[in-house]
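Welcome to a short walk through one protein model.

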Amino acid sequence: MDDFEWLISGFSSLLHSAVHAGDKECSVHDLLSQSKTEKSSSGIKGWDPASRPRERLAELGSGALEAKELIALLIGSGCRDLSAVELAEKMLCSVGGDLGKLSEMSFSELSSFKGMGVAKCCALLSAIELSRRIYSTVPKFAFQKGRRPVGVIK
């Protein structure tokens with residue numbers, strides 16, 4: 001059964017490559033090698049490992065990443081035309097780089113971006129909601145000008 005699934009997957013990939021090969025004539029071997037090189041060089045996987053958001057977060061911590069990289073980690077992947085980082089940057093640019101405005105976007109507004117499907121929108125909206133809940137549990141302090149906090153506001 002596993003061999004059958006592998007065989008079907010292989011044929012599917014081959015047919016997909018053939019459809020997108022265009023009008024030029026090429027062999028099956030050309031299609032397979034073209035598909036492998038396209039996959040390895042496109043998107044974040046084609047970047048230098050030291051530049052990739054996941055690797056940078058693991059090595060340097062989350063504070064070293066830009067907002068677009070943190071968002072890219074949440075959405076996980078981009079689309080055919082954009083990497084996850086480029087997609088995140090596009091979303092941020094649409095709100096002038098304001099994370100507050102991004103956090104107010106609705107599901108339908110987020111899903112209007114090419115590459116933002118149900119799963120990615122849900123992941124981003126979930127992270128935003130968790131942030132809201134965490135922030136709401138942090139005590140707020142009353143300040144007097146030029147002095148230390150005088151007490152917790154309830």
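## Overall fold

The protein chain has 8 helices and 2 strands, where helices (H or I, at least four residues) and strands (E, at least two) are DSSP runs numbered from the N terminus. Reading from the N terminus, the order is α-α-α-α-α-α-α-α-β-β. Please keep in mind that this is a predicted model, in which local features need pLDDT of at least 70 and side-chain atom pairs count only at pLDDT 80 or more, while totals for chains, interfaces and linings use all residues. Residues are numbered from 1 along each chain as its sequence is written, and side-chain values use heavy atoms, with hydrogens and water left out.

Of the 154 residues in the protein chain, 19% are buried (buried is under 20% relative accessible area, exposed over 50%, partly exposed in between, with a 1.4 Å probe and protein chains only). Among contacts (heavy atoms within 4.5 Å) with a separation of 6 or more, 29% join residues 24 or more positions apart.

Helix H4 takes part in both pairs below. Axes are lines fitted to C-alpha atoms, for helices over the stretch in contact, and angles run from 0 to 180 degrees between N-to-C directions.

| Pair | Axes come within | Crossing angle |
|---|---|---|
| H3 (residues 53-60) and H4 (residues 67-75) | 10 Å | roughly 110 degrees |
| H4 and H5 (residues 84-94) | 8 Å | roughly 120 degrees |

H3 and H4 are therefore roughly perpendicular, whereas H4 is oblique to H5 (under 35 degrees is roughly parallel, over 145 roughly antiparallel, 65 to 115 roughly perpendicular, and the rest oblique).

H3 and H4 cross in a left-handed way, while the crossing of H4 and H5 is right-handed (left-handed if the near helix is turned anticlockwise from the far one by less than a right angle, right-handed if clockwise).

Between H4 and H5, the contact includes Ile71 and Ile75 of H4 and Leu87 and Met91 of H5. Its residues divide into 10 nonpolar, no polar and 2 charged (Ala, Val, Leu, Ile, Met, Phe, Trp, Tyr, Cys and Pro are nonpolar, Asp, Glu, Lys and Arg charged, and the others, Gly among them, polar).

## The cysteines

How many disulfides does the structure hold? There are 0, a disulfide being a pair of cysteine sulfur atoms within 2.5 Å. For cysteine 122, the closest cysteine sulfur is that of cysteine 121, at 6.9 Å, which is too far for a bond. Cysteine 121 is buried, at 0% relative accessible area, but cysteine 122 is partly exposed, at 36%.
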